[in-house]
Amino acid sequence: MGPVQAPDRGRRWGLRYCCGTLLCLVWGMLVLALFELPDQWPGLLPQARAQLARSGVEHPVTAVLLNFRSYDTLLEVLVLFLAVLGVWSLGFIEPGPGRSPAGPLLAALVRLLLPVLVLASTYLLVRGTYGPGGAFQAGALLGTAGVLLLLSDVPISRAWFALPLKVALTGGPVVFLAVATFPSLRGGALLQYPVELAGALILLVEVAATLSIAAALFVLFAGGRPQEATPALPPAGDDNGEEV
Amino acid sequence: MPPSFLLYALVGVTLLVLGLYAAISHAHLGRKILAVNVMGSGVFLLFLALAVRSGAGSPDPVPQAMVLTGIVVAVCATALALILACRIQAMTGRAYLAGEEDPEISS
């Protein structure tokens with residue numbers, strides 16, 4: 001630490017100019033590349049459309065996400081789980097009441113909003129089979145419900161942080177891995193769903209992934225492992241049953 | 001008349017380069033994380049702009065799916081990075097990596 005020497009400062013600015021010039025060149029090359037692209041390009045749309053009937057869902061984006069390129073999604077669920085493991089191992093947090101009790105208006109609003117969020121998330125999940133929607137959108141919405149609970153200081157029973165949270169967190173990767181290896185037991189390749197079962201398998205994966213994504217977003221927002229040991233348990237029956 | 005996807009693609013590329021410059025030139029960890037997020041947004045915008053070229057009303061689903069996957073990965077990477085940055089600040093009192101000069105003076 002201490003004051004920075006003048007030559008050091010000059011060097012820093014020199015580096016900045018160098019890097020700025022280089023990045024301008026990169027920008028110029030990217031722009032040139034963009035102008036050379038054809039205006040019309042079918043991409044993979046024809047292939048996706050042609051195989052849509054065999055994918056088990058009716059929406060091409062969901063078909064790509066959970067069937068044609070489901071290894072992307074599998075790895076994504078695993079990355080999410082890894083991030084949660086990292087956050088989880090960095091320390092404990094104290095969720096729930098204690099700092100300041102929720103005001104009556106806020107508590108009432110949360111009680112009103114939570115079921116709506118859960119309902120909307122379920123709708124998005126089901127809608128993913130035939131339109132825009134699916135596990136990520138549904139999981140994000142459900143995670144919002146958890147974040148809302150966390151922010152509003154509404155009493156949450158700590159029992160939720162023991163088994164249910166862990167089951168929700170691990171459910172996504174476990175179910176997805178099981179479904180991924182299931183076709184290889186029947187002589188197929190990894191993630192090669194049988195056509196007649198594809199719809200059911202995709203829905204199963206989506207439900208597990210939704211819960212997992214919601215729980216993961218909750219833990220990531222909370223910023224640590226929720227404390228399970230209960231110094232002061234909030235009154236039983238006061239916990240929100242809607243949470244997951 | 002240039003095609004309509006080009007405007008979005010150009011904005012995406014510009015965001016990408018601006019974010020890259022900020023990520024390199026700023027020492028503060030919060031700014032670095034923010035810059036990487038701007039880069040990510042630029043890439044997502046570029047992907048979606050290129051997907052539109054497949055025809056009116058039905059963009060290519062593969063870039064859409066990749067962007068959707070990318071958003072979730074970006075969110076969890078950002079969360080982990082922020083928590084690590086908070087931990088660094090709590091332990092050293094500075095939101096900078098070890099070896100960085102004091103940026104308050106030099107920038």
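Let's start with the buried residues of helix H3 of chain A, whose cover includes helix H2 (45–51), H4 and H8 of chain A, together with H3 of chain B. Keep in mind as we go that this is a predicted model. H3(A) itself spans residues 60–68 and is mostly covered, with 9 of its 9 residues buried. Reading along the helix, those buried residues are Pro60(A), Val61(A), Thr62(A), Ala63(A), Val64(A), Leu65(A), Leu66(A), Asn67(A) and Phe68(A).

With that helix as a landmark, let's step back to chain A as a whole. Chain A holds 8 helices and 2 strands, and their order along the sequence is α-α-α-α-β-α-α-α-α-β. Chain A has 244 residues, of which 32% count as buried. If you look at contacts in chain A between residues with a separation of 6 or more, 81% of them join residues 24 or more positions apart. The domain assignment gives chain A a domain 1 (1–38) and a domain 2 (57–226), and the C-alpha centres of these two domains of chain A lie 40 Å apart.

Now for some helix packing. Two packed helices are described by the angle between their axes and the distance between the axes. Helix H4 (residues 70–88) of chain A packs against helix H7 (residues 159–185) of chain A at an angle of about 150°, and their axes are 10 Å apart. Because angles over 145 degrees count as roughly antiparallel, H4(A) is roughly antiparallel to H7(A). The crossing in which H4(A) passes H7(A) is left-handed. On the H4(A) side, the contact is made by Leu74(A), Val77(A), Leu78(A), Phe81(A) and Val84(A), while H7(A) brings Leu169(A), Gly172(A), Pro173(A), Phe176(A) and Ala180(A). Sorted by class, the contact of H4(A) with H7(A) has 9 nonpolar residues, 1 polar residue and no charged ones.

From H7 we can follow chain A into the loop between H7 and helix H8 (198–222), where Leu191(A) is found. The phi angle of Leu191(A) is near 65°, a positive value in a residue other than glycine. Is Leu191(A) buried or exposed? Leu191(A) counts as buried because there are 21 C-beta neighbours inside 10 Å.

Not counting residues up to four places away in sequence, Gly199(A) touches Gly56(A) and Val57(A). Another pair to look at is Gly199(A) and Thr129(A): they are 70 residues apart in sequence, and their C-alpha atoms are 8.5 Å apart in space.

Thr210(A) is found in helix H8 of chain A as well. Thr210(A) counts as buried, because 29 C-beta neighbours lie inside 10 Å. Which residues is Thr210(A) in contact with, leaving aside its neighbours within four places in sequence? They are Leu125(A), Ala135(A), Ala138(A), Gly139(A) and Leu142(A). Ala50(A), by contrast, is 160 residues from Thr210(A) along the chain, and their C-alpha atoms are separated by 28 Å.

In the meeting of the two chains, 35 residues of chain B are in contact with 42 residues of chain A. Helix H1 (5–25), helix H3 (61–92) and helix H4 (103–106) of chain B are the elements that give two or more residues to the side of chain B that touches chain A. H3(B) gives the most, with 15 residues. By class, this side of chain B has 23 nonpolar, 7 polar and 5 charged residues.

Notes:
Residues are numbered from 1 along each chain as its sequence is written. Chains are lettered from A and ligands numbered from 1 in the order in which they are written. This is a predicted model: local features need pLDDT of at least 70, side-chain atom pairs count only at pLDDT 80 or more; totals for chains, interfaces and linings use all residues. Axes are lines fitted to C-alpha atoms, for helices over the stretch in contact, and angles run from 0 to 180 degrees between N-to-C directions. Helices (H or I, at least four residues) and strands (E, at least two) are DSSP runs, numbered from the N terminus. Angles under 35 degrees count as roughly parallel, over 145 as roughly antiparallel, 65 to 115 as roughly perpendicular and the rest as oblique. A crossing is left-handed if the near helix is turned anticlockwise from the far one by less than a right angle, and right-handed if clockwise. Two residues are in contact if their C-beta atoms, placed from the backbone, lie within 7 Å. Ala, Val, Leu, Ile, Met, Phe, Trp, Tyr, Cys and Pro count as nonpolar, Asp, Glu, Lys and Arg as charged, and the others, Gly among them, as polar. A residue is buried if 20 or more other C-beta atoms lie within 10 Å of its own, exposed if 12 or fewer, and partly exposed in between; C-beta atoms are placed from the backbone. Domain bounds come from an automatic or database domain assignment.
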